[in-house]
Amino acid sequence: MRATEPSEKTVRYAAAFFDNEHDLMAIAAEARLRGFEIQDVFTPYPIHGMDRAVGLKRSRLGWIAFVAGALGLISAILLQVWTSAYDWPLNVGGKPFNSFPLFVPVMFELTVLFSGLISIGVLFMMNRLWIMSKKKIFEGVTDDRFILVLKQEDASFDTEKAARLFKKYNAIKVMEGDKFV
Amino acid sequence: MARNVLNNSMGRGILLVAFALGAIGSIAGLMTSERFWFSFLQNSLFVLTLALGAVLFVAFKSVSNAGWATALRRVPEAMMGYVPIGGILLLLVFFGRYQLYPWTNPVPSAHEAGLQLGFKHAWLSTPFFFGRMIVFLAVWSGLIYLMRRASFQQDSDGDVVHTKRRKAYSAIFIVVFGVTFSLASFDWIMSIEPMFYSTIFGFYTISGTLTSSAAAITILVIFLKKRGFLPAVGEKHMHALGQIVMGFATFWAYMWISQYLLIYYANLPEETIYYYRRTSSSGWMAVFILNLFLNWVIPFVMLLPRQVKMNAKWMVAACTIVLAGHWLDLYAMIFPAFFGSPIIGFVDVALTIGFVALFLLVFIKCIGCEELIPRNDPYLEESVEHEDLELVYQLRTETAGDI
């Protein structure tokens, strides 16, 4: 969900594995309450309300989709007006060269196409998922594991408190490391 | 508890007065105005489609196993109660058939002589026409009765079988309604201009129905929520309703352009006459453009930001625009056949007030009769926000206390 910062080598992470979404949801809310900083959560499928439990900010992707859609709309108008009225006017069924109603389907299609393709491209870029990029993922995250990753940024991170919290919500496994993905 | 508060409120008195004034105004209009039956058909369809759209709303939710709307389901279910009453009122069109439908006249004009040929003549005969109307309305009312009964029975016995039954009735309703409402809109609206035909006309009216009834549901939910009647409805429901209004408004625009574009492309005289009547005079042209803006452009742009969908005031404003758009849409479908310019007179105002007041009176009556939250519905937990779950458990433990 959030981009990682590969340059910050000193930052350590603690990842806890759970076997159901309810535990993950509950621990995410409690961890935030107790002052832990959540780096990210990993789940096999989208979970309703998870963004709120983790305290995610509103995604900026909506604006990108809007701008991309507007771009598609404008290019559809320019393309059709240019080709059918200026560059190579053709008389089709006696209609005017600039017949706006006939342009509407292409305007709609290009708006959807631009907005869809550009949003997905930007989504991959924001998540640093380039072509050929290699990412290591947690074992079982695409199957039946629900993972919470806490940031151990400063001295205030209480390892024992974290361990107690993980245990309270039946964590199956806890991993620690310098780089979590 | 809901029963007493809703029925004793001042609003009900105002509605009764409004209905009485509307009824008196309509009788006066019947005596004096040649526009009466057109306006009667328009306004009676306006409120009837709001109720029918509510049935579709519930049916879609139930067929697709959607849980989110369960907390507010009693609102569309109460709107459904208007269909039998609205259907009986619509049958009164029988007395205005000579003004409304040119094909009822015993001697057709030379222009309509084409109707004498073939299938259209047999289809558009008075007994068959009104027979169909009765059958359609009876079938819809019957299925609505079954859907409502299954929903209310679950409140008392909590049996899951009612959810399954409701799903089966909903599936039947969707299939039956798709065919019958399409035919009904050919009959009731399109046959005002019997020479014109458009096969997408039925889906065009269904799209308007869906949009406007979603808007009406939203307004009623916000109204009831503000008075504290729907405690389990939260931001996520408002967001979803906003998405539905916006989505169906776009569906309406899609249907609108689909109908317009094909007629524009083919340029056949018997089809283009429909748009010629609606765009040749400046008055109707203004209605034609305003219709597009009210039904799609304004609500679409307004409802794009997510925050607006969760803001009660903005949502009420957007939904009111959509409802006004649906009213104008029906106006632009029915009136241009016989009237050279758009006039909104006394009779239109009286009928609109009368029908809307009647619709709201029936709504209050229906929503007051039952629990406002279907407390034993298995989807109720899925529907409410996490922090409202306590409320659900409370409702369930209250059991037979207040029946």
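In this predicted model, helix 8 (residues 126-157) and helix 9 (residues 161-188) of chain B cross at roughly 160°, with axes that come within 10 Å of each other. Helices here are DSSP runs of H or I with at least four residues and strands are runs of E with at least two, both numbered from the N terminus; axes are lines fitted to C-alpha atoms, for helices over the stretch in contact, and angles run from 0 to 180 degrees between N-to-C directions. The crossing of helix 8 and helix 9 of chain B is left-handed, that is, the near helix is turned anticlockwise from the far one by less than a right angle, clockwise being right-handed. The contact of helix 8 with helix 9 of chain B is made by 15 nonpolar, seven polar and four charged residues. Nonpolar here covers Ala, Val, Leu, Ile, Met, Phe, Trp, Tyr, Cys and Pro, charged covers Asp, Glu, Lys and Arg, and the others, Gly among them, are polar.

Residues are numbered from 1 along each chain as its sequence is written, and chains are lettered from A and ligands numbered from 1 in the order in which they are written. Local features of the model need pLDDT of at least 70 and side-chain atom pairs count only at pLDDT 80 or more, while totals for chains, interfaces and linings use all residues.

Also in chain B, helix 10 (residues 201-226) packs against helix 11 (residues 235-266) at about 160°, their axes 8 Å apart. Helix 10 and helix 11 of chain B are therefore roughly antiparallel as well, and their crossing is left-handed. Contacts (C-beta atoms, placed from the backbone, within 7 Å) bring together residues including Phe203(B), Tyr204(B) and Leu210(B) of helix 10 and Phe248(B), Trp252(B) and Trp256(B) of helix 11. This contact of helix 10 with helix 11 of chain B holds 16 nonpolar, five polar and no charged residues.

A right-handed crossing is found for helix 3 and helix 15 of chain B. Helix 3 (residues 36-63) and helix 15 (residues 312-334) of chain B pack at about 145°, with axes 10 Å apart. Phe38(B), Leu41(B), Gln42(B), Leu45(B) and Phe46(B) of helix 3 meet His326(B), Trp327(B), Leu330(B), Tyr331(B) and Ile334(B) of helix 15, giving eight nonpolar, two polar and no charged residues.

Turning to chain A, an open sheet of four strands has the order 2-3-1-4 with antiparallel pairing, where pairing requires at least two DSSP bridges between strands. Strand 2 (37-42) and strand 4 (173-177) of chain A are at the edges with a single partner strand each, so one side of each lacks a neighbour in the sheet. Neighbouring strands of this sheet are turned by 20° against each other on average, direction ignored. Strand 1 (residues 12-18) and strand 3 (residues 146-152) of chain A pair over seven bridges in the antiparallel sense; Phe18(A) has Phe146(A) in strand 3 as its bridge partner. Helix 1 (residues 21-33) of chain A packs on the sheet, touching strand 1, strand 2 and strand 3, and its direction makes about 20° with that of strand 3.

Notes. Contact = placed C-beta atoms within 7 Å. Parallel < 35°, antiparallel > 145°, perpendicular 65-115°, else oblique.
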